[in-house]
Amino acid sequence: VQLQASGGGLVQAGGSLRLSCAASGRRLGNYGMAWFRQAPEKEREFVAAVAWSGSLTYYADSVKGRFTISSDNTKNTESLQMNSLQVEDTAVYYCAAGRWPVGDAAMVDYWGQGTEVTVSS
């Protein structure tokens, strides 16, 4: 499975960005899809996850109410809509696929390349 992330960039605090991740190579019917992020000098942390069916989602407390994750299994893609961005959201964001609930890096089977998100004050 190859995961291709896109959509990062520079945004002011309070703004929005949408990240996308396209999967190829095999169908992901039994997988969960997730986003993790890693800020400079910090460990990679879980952000959000969605079951491939799209019926189940969950979020890290730090992004709950601001970020929305979704999947489109007809297009083999997942997205992360990020609203009300804060400086603390600055990080490299990685899409991932793994065993549900895929809320920990140890449960990830496939990683995409990172996409950088910078939020300025």
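Arg37 and Glu45 form a salt bridge in which the closest N and O atoms are 2.6 Å apart. A salt bridge here is a side-chain nitrogen of Lys or Arg within 4 Å of a carboxyl oxygen of Asp or Glu. The model is predicted: local features need pLDDT of at least 70, side-chain atom pairs count only at pLDDT 80 or more, and totals for chains, interfaces and linings use all residues. Residues are numbered from 1 along each chain as its sequence is written, and side-chain values use heavy atoms, with hydrogens and water left out.

**Salt bridges**

The whole structure holds five salt bridges. Three of them, including the pair named above, are listed here.

| Pair | Closest N and O atoms |
|---|---|
| Arg37 and Glu45 | 2.6 Å |
| Arg37 and Asp89 | 2.9 Å |
| Lys64 and Asp61 | 3.1 Å |

In the pair of Lys64 and Asp61, Asp61 is exposed, with a relative accessible area of 66%. Salt bridges that share partners join Arg37, Glu45, Arg66 and Asp89 into one network.

**Overall architecture**

The chain has zero helices and 11 strands. Helices (H or I, at least four residues) and strands (E, at least two) are DSSP runs, numbered from the N terminus. The radius of gyration of the chain is 13 Å, close to the 14 Å that the globule rule gives for 121 residues, so the chain is as compact as a globular protein of that length. That radius is taken over C-alpha atoms, and the globule rule is 2.2 Å times the number of residues to the power 0.38. Along the principal axes, the C-alpha atoms fill a box of roughly 40 × 25 × 25 Å.

Buried residues make up 41% of the 121 residues. The chain exposes about 6100 Å², of which carbon and sulfur atoms supply 47%; accessible areas come from the Shrake-Rupley method with a 1.4 Å probe, and for residues only the protein chains shown count as cover. Contact means heavy atoms within 4.5 Å. Among contacts with a separation of 6 or more, residues 24 or more positions apart account for 54%.

**Disulfide and nonpolar core**

The structure contains one disulfide, defined as a pair of cysteine sulfur atoms within 2.5 Å. Cys21 and Cys95 form this link, with their sulfur atoms 2.3 Å apart. The link is right-handed, with 55° about the S-S bond. Cys21 lies in strand S3 (residues 17–24) and Cys95 in strand S9 (residues 91–99), so the pair ties together parts that are 74 residues apart in sequence. Cys21 is buried, with a relative accessible area of 1%, and Cys95 is buried at 0%.

A nonpolar core is a set of buried Ala, Val, Leu, Ile, Met, Phe, Trp, Tyr and Cys residues joined through side-chain atoms within 4.5 Å. The largest such core has 37 residues, of which Met33, Trp35, Val47, Phe67, Leu80, Met82 and Tyr93 touch the most other members. At least two residues of this core come from each of strand S1 (2–6), S3, S4, strand S5 (45–51), strand S7 (67–72), S8, S9 and strand S11 (115–120). Leaving aside neighbours within four places in sequence, Met33 is in contact with residues including Leu3, Cys21, Trp52, Ile69 and Val102.

Ser79 is found in strand S8 and is buried, with a relative accessible area of 11%. Beyond its neighbours within four places in sequence, Ser79 has contacts that include Arg18, Trp35 and Thr68.

**Backbone features**

Most residues other than glycine have a negative phi, and most peptide bonds are trans. A cis peptide bond joins Trp100 and Pro101, with omega about 10°. Pro101 is in the loop between S9 and strand S10 (108–111), and Val102 is placed in the loop between S9 and S10. Val102 has a positive phi, near 45°, and is buried with a relative accessible area of 0%. Glu41 also has a positive phi, near 65°. Glu41 lies in the loop between S4 and S5 and is exposed, with a relative accessible area of 87%.

Note on methods
Buried means under 20% relative accessible area, exposed over 50%, partly exposed in between (1.4 Å probe, protein chains only).
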